[in-house]
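Welcome to this short briefing. Please look at the sequence and the structure shown here, and then follow the points below.

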Amino acid sequence: MLIALASGTAAHGDPAVTFSRPVPNLVPHVPSRTCIIGNFDVSPPAHHWKLHFRGPGTEAQTVPLEVVATAVNPAETGAVKASVTDESGLQTISVPHLPSGDNPGVLNLTLLPGGIYDLAVERVEPSQGPVAHHYKLGSPDRRLELGWEDPIRYIEPPYQAWAVNADAGENVSLEFFNDGVGFPEEGGGVDPIGVTLGIDSTDCTEIFPIQGFLLPTTITLPNFAGGTLILYVKGSAHYQMRKNSGSDRGFYALPCAGENRAPVARCRDVTIVLPPDKCSAFALINDGSFDPDEDPLFIKQDPPGPYLIGQTKVTLLVSDGRCRGMSSCTAYVTVRDVTPPRIECPRDLVLKTAPGRCSAPEVKFSVFATDTCAGRVLPVCLPPSGSEFPKGTTVVNCTAMDPSGNVSKCSFKITVVDAEPPMVKCVPTTNPAGETIPRAGENPSSGRNPDGFYQLFAADNCDGVNLLIYVKDSAEGPCGGAFVAGPYQPGTKVKLTQSPGRADVKPMAGEIVAHINTRGEPVLVVKDSAGNQRCHLCFVPPPPK
């Protein structure tokens, strides 16, 4: 918005107090009484006000008007007289000045809701002649509004607040004068006077920044959107002001709250440790904020909470409920999660080796982990699921970590047992003379390998060839009985024969280490380190005839 500041004066216009908008209640905690009003007028010796009652209903109600005679100067004597013609007739009160301080009087008025009434405040002079008079007006009933019908004269220097109403699109014009300048009929001083002015809307939006200037001066707010403006004014001496624009040219009295000092916001960092069942927390960062004027404080935090795990920057907004009465500070709320996730391992597993292998390949298992705040947590296991596990017992260690770094662990065992028996066989081999093994077709009566020379072989999925081979007699059972020949290392060459009468073993020289004779078919018996045993029949042809 364009804001114009110009020097000059204007002719005395016709004021209009219409109460076009409600007078805002900006400081509800402050008594509804005006600041000090000075009356130096000689002729006429009266100030003209308008009263407006915004009570409910249609029936007349009793509304108190406070008239306070205020002794600003020691020589201030006489009285302040207030007169109102209400629904009951002329009501008058005369309040004498005390040697010092305030002397309040109450005029009980009968007013209709929505009614507008004239109020005259006059000086009652002592016998020795006219002197300055000062007074205040107000009411404990905030529905009673006061508007100054005349241009405001002899405004006291201390900080004051007034409301004015502007039409939509109005070029708002506010004039400020020295005492009597621009109003020659009133007289008064013309000493240079400085005024500090700030203008806000009722929602405390700044319309005119606080600045100072010398009188006389005109403030213009072009093409204003309309609404109520709050004037905050402080002068170096008495001054006057007038509104010269719009359909409502009144000045409306606001409670004398004094110059507002912004509250002091004080913050502190806060750390919250969450209980096990919570994922967020509320926290207060206020660390003794206060208002130097002892106004009640309105405090809020942005964001207000609850605050999630981690660190959140929070702004503390401290207000005394008055325009230009806000301050802020920032702090950090740290919410810590110290509860580890819940992890569940499976029971210990016992598995068999895969065929031909000394391990269990691609072992699958499931470990579950959940966290109060993070939900499902992915556990990490060593060895991981899908690994190959060797024979024996392996401890699987699993760990689950939530986003806050809290850790839970569990473990279980996977035992792989060797349940596969070794392989064993007898392979025909050449006799010690190095002759070849006869073909069965050349000796049909005895079959292949009629000489009975065999090489013993054995292998295991876990023990390899580190095995011992025993030769037993199938006549004593499928895996033999008491008769035992051996043990022999895999690759050993022996001579195997069968005769019904006896079973025995005789050592031999050279590469054939023994001659083993059994009543039945010889049985090769081998057992691995896990106790798995295999029995294998060697079908030995009868000796040649």
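Helices (H or I, at least four residues) and strands (E, at least two) are DSSP runs, numbered from the N terminus. With that rule, the chain has zero helices and 43 strands. The model you are looking at is predicted, so local features need pLDDT of at least 70, side-chain atom pairs count only at pLDDT 80 or more, and totals for chains, interfaces and linings use all residues. Residues are numbered from 1 along each chain as its sequence is written, and side-chain values use heavy atoms, with hydrogens and water left out.

**The chain as a whole**

- Buried residues (under 20% relative accessible area, with exposed meaning over 50% and partly exposed in between, for a 1.4 Å probe and protein chains only) make up 44% of the 545 residues in the chain.
- The chain exposes about 25700 Å², an area that comes from the Shrake-Rupley method with a 1.4 Å probe, where for residues only the protein chains shown count as cover.
- A contact means heavy atoms within 4.5 Å; among the contacts in the chain with a separation of 6 or more, 69% are between residues 24 or more positions apart.

**A four-stranded sheet**

- Two strands pair if DSSP finds at least two bridges between them.
- Four strands form an open sheet with mixed pairing, and their order is β27-β34-β33-β31.
- At the edges you will find β27 (349–352) and β31 (380–382), each of which pairs on one side only.
- Neighbouring strands of this sheet are turned by 25° against each other on average, direction ignored; the axes are lines fitted to C-alpha atoms, for helices over the stretch in contact, and angles run from 0 to 180 degrees between N-to-C directions.
- How many bridges join β31 to β33? There are three, and these two strands run antiparallel, with β33 covering residues 392–401.
- Within this part of the sheet, Val-380 stands opposite Thr-399 in β33.

**Disulfides**

- A disulfide is a pair of cysteine sulfur atoms within 2.5 Å, and by this rule the count comes to eight.
- One of them joins Cys-267 and Cys-329, whose sulfur atoms are 1.8 Å apart; this link is right-handed, with 80° about the S-S bond.
- That pair links distant parts of the chain, 62 residues apart: Cys-267 is in the loop between β19 (251–253) and β20 (270–273), and Cys-329 is in strand β25 (residues 326–336).
- Is Cys-329 buried or exposed? Cys-329 is buried, because its relative accessible area is 14%.
- Another disulfide joins Cys-345 to Cys-410, with an S to S distance of 1.9 Å, and it is right-handed too, with 70° about the S-S bond.
- Cys-345 lies in the loop between β26 (342–344) and β27, while Cys-410 is in strand β34 (residues 407–417), so this pair ties together parts that are 65 residues apart in sequence.
- Cys-479 counts as partly exposed at 28% relative accessible area, and Cys-535 is partly exposed at 26%.

**Backbone details to look up**

- Most residues other than glycine have a negative phi, and most peptide bonds are trans.
- Leu-215 and Pro-216 are joined by a cis peptide bond with omega about 0°, and Pro-216 is in the loop between β15 (206–214) and β16 (217–224).
- From Leu-382 to Pro-383 the peptide bond is cis as well, with omega near -10°; Pro-383 is found in the loop between β31 and β32 (387–390).
- Asn-223, in strand β16, has a positive phi near 50° and is not a glycine.
- Asn-223 counts as exposed because its relative accessibility is 54%.
- Glu-294 is not a glycine either, and its phi is positive at about 60°.
- You can find Glu-294 in the loop between β21 (280–281) and β22 (298–302), where Glu-294 is exposed with a relative accessible area of 72%.
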